[in-house]
Amino acid sequence: MGSKYTKRYTAEFKRDAIALVDSSGKTVTAVARELGISSESLRGWYRQAKADRGEGRPGELTTAEREELRRLRKLAAEQARTIEVLRKAAVFFAKESDR
């Protein structure tokens, strides 16, 4: 079981950790151990940085694309709620007009 508190790292710390992996020739696990952070966290940051540089796997989203996808999903959910309210209103007014 993990901690219920997630440690947050600054963008500068992440950038420096990724640069250390690139420049040192060490493995992600070795660098993570030196920095005292989770190797899975560093591996995720490194993979995302590669995707942002266009070096990621085919189909892997960049940070900007992820943000756009998050924004569009939020907008779609909001529109779905609006449509549901309008559908219920149409049903209500259709019943009222029959009286």
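Where is P58 found? P58 sits in the loop between α3 and α4 (63–97), helices here being DSSP runs of H or I with at least four residues, numbered from the N terminus. At 85% relative accessibility, P58 counts as exposed (over 50% relative accessible area; buried is under 20%, partly exposed in between, with a 1.4 Å probe and protein chains only). P58 and R47 are 11 residues apart in sequence and, C-alpha to C-alpha, 12 Å apart in space.

A quick word on the numbers: this is a predicted model, where local features need pLDDT of at least 70 and side-chain atom pairs count only at pLDDT 80 or more, while totals for chains, interfaces and linings use all residues. Residues are numbered from 1 along each chain as its sequence is written, and side-chain values use heavy atoms, leaving out hydrogens and water.

Now for the helix pair. Helix α1 (residues 11–24) packs on helix α2 (residues 28–35) at about 130 degrees, with axes 10 Å apart (axes are lines fitted to C-alpha atoms over the stretch in contact, and angles run from 0 to 180 degrees between N-to-C directions). On the α1 side, F13, A17, L20, V21 and S24 meet V28, V31 and L35 of α2, contact meaning heavy atoms within 4.5 Å. A17 also turns up in another list: leaving aside residues up to four places away in sequence, A17 touches V31, L35, L42 and W45.

Then there is the largest nonpolar core, with 10 residues: A17, I18, V21, V28, V31, A32, I37, L42, W45 and A49. Such a core is a set of buried Ala, Val, Leu, Ile, Met, Phe, Trp, Tyr and Cys residues joined through side-chain atoms within 4.5 Å. Helices α1, α2 and α3 (39–52) each supply at least two of its residues.
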